[in-house]
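Here are a few exercises to work through with the model open beside you. Try each task before reading its solution.

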Amino acid sequence: MKRPRFSDEQIIGILKEHQAGLSATELCRKYGVSDATFYKWRSKYGGMDVSEAKRLKSLEEENGKLKRLLADAMLDVSTLREMLGKNF
């Protein structure tokens with residue numbers, strides 16, 4: 001997986017510069033990102049503090065782990081149902 005160029009803290013700093021009055025095109029040129037990336041960041045991180053972004057990141061990781069656990073459990077259940085169906 002590709003490593004992100006900017007950390008969550010840096011992204012929030014860039015968005016705070018935008019709130020301070022710099023235009024989006026100036027910021028995109030300054031940091032070398034596209035307009036689409038900037039607006040995607042703004043929709044995801046807009047109005048957040050660094051601590052909130054860290055909390056969001058940890059919740060996303062936990063959600064991914066739980067989804068994998070659920071998928072494994074569902075696979076086990078389906079395997080057991082197939083085995084029971086063949087025996088009876």
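**Exercise 1. Work out which classes of residue line the largest pocket, and where they come from.**

Keep in mind that this is a predicted model. Start with the classes: the lining divides into six nonpolar, two polar and seven charged residues. Next, get the volume, which comes to about 440 Å³. Of the 15 residues in that lining, P4, R5, F6, I11 and W41 are the closest to the pocket's centre. Now look at the helices. Both α1 and α3 supply at least two lining residues each, and α3 gives the most, with five.

**Exercise 2. Describe how α1 packs on α3, then decide on a word for their relative orientation.**

What do you need for a pair like this? Two packed helices are described by the angle between their axes and the distance between the axes. Helix α3 covers residues 35-45, and its axis and that of α1 come within 10 Å and cross at roughly 100°. Angles from 65 to 115 degrees count as roughly perpendicular, so α1 is roughly perpendicular to α3. Then pick out the contact residues: α1 brings D8, I11, I12, I14, L15 and H18, while α3 answers with F38, W41, R42 and Y45. Sorted by class, this contact of α1 with α3 has seven nonpolar, one polar and two charged residues.

**Exercise 3. Finish with α1 and α2: find the angle, the handedness and the residues that touch.**

Take α1 as residues 8-20 and α2 as residues 24-31; they pack at an angle of about 145°, with axes 10 Å apart. The crossing of α1 past α2 is right-handed. Contact comes from I14, E17 and H18 of α1, together with A24, L27, K30 and Y31 of α2. Split by class, the residues of the α1 and α2 contact are four nonpolar, one polar and two charged.

As a last step, compare the contact lists. I14 and H18 of α1 turn up against α2 and also against α3. On α2, A24 and L27 touch α1 and α3. On α3, F38 meets α1 as well as α2.

Note on methods:
Residues are numbered from 1 along each chain as its sequence is written. This is a predicted model: local features need pLDDT of at least 70, side-chain atom pairs count only at pLDDT 80 or more; totals for chains, interfaces and linings use all residues. Side-chain values use heavy atoms; hydrogens and water are left out. Axes are lines fitted to C-alpha atoms, for helices over the stretch in contact, and angles run from 0 to 180 degrees between N-to-C directions. Helices (H or I, at least four residues) and strands (E, at least two) are DSSP runs, numbered from the N terminus. A crossing is left-handed if the near helix is turned anticlockwise from the far one by less than a right angle, and right-handed if clockwise. Contact means heavy atoms within 4.5 Å. Ala, Val, Leu, Ile, Met, Phe, Trp, Tyr, Cys and Pro count as nonpolar, Asp, Glu, Lys and Arg as charged, and the others, Gly among them, as polar. Angles under 35 degrees count as roughly parallel, over 145 as roughly antiparallel, 65 to 115 as roughly perpendicular and the rest as oblique. On a 1 Å grid over the protein atoms alone, a cavity is a set of points where a 1.4 Å probe fits but cannot get out, and a pocket is an open set with protein on both sides within 12 Å along at least five of seven lines; lining residues have an atom within 4 Å of a point. Grid points are joined across faces, edges and corners, and a volume is the space filled by probe spheres set on the points.
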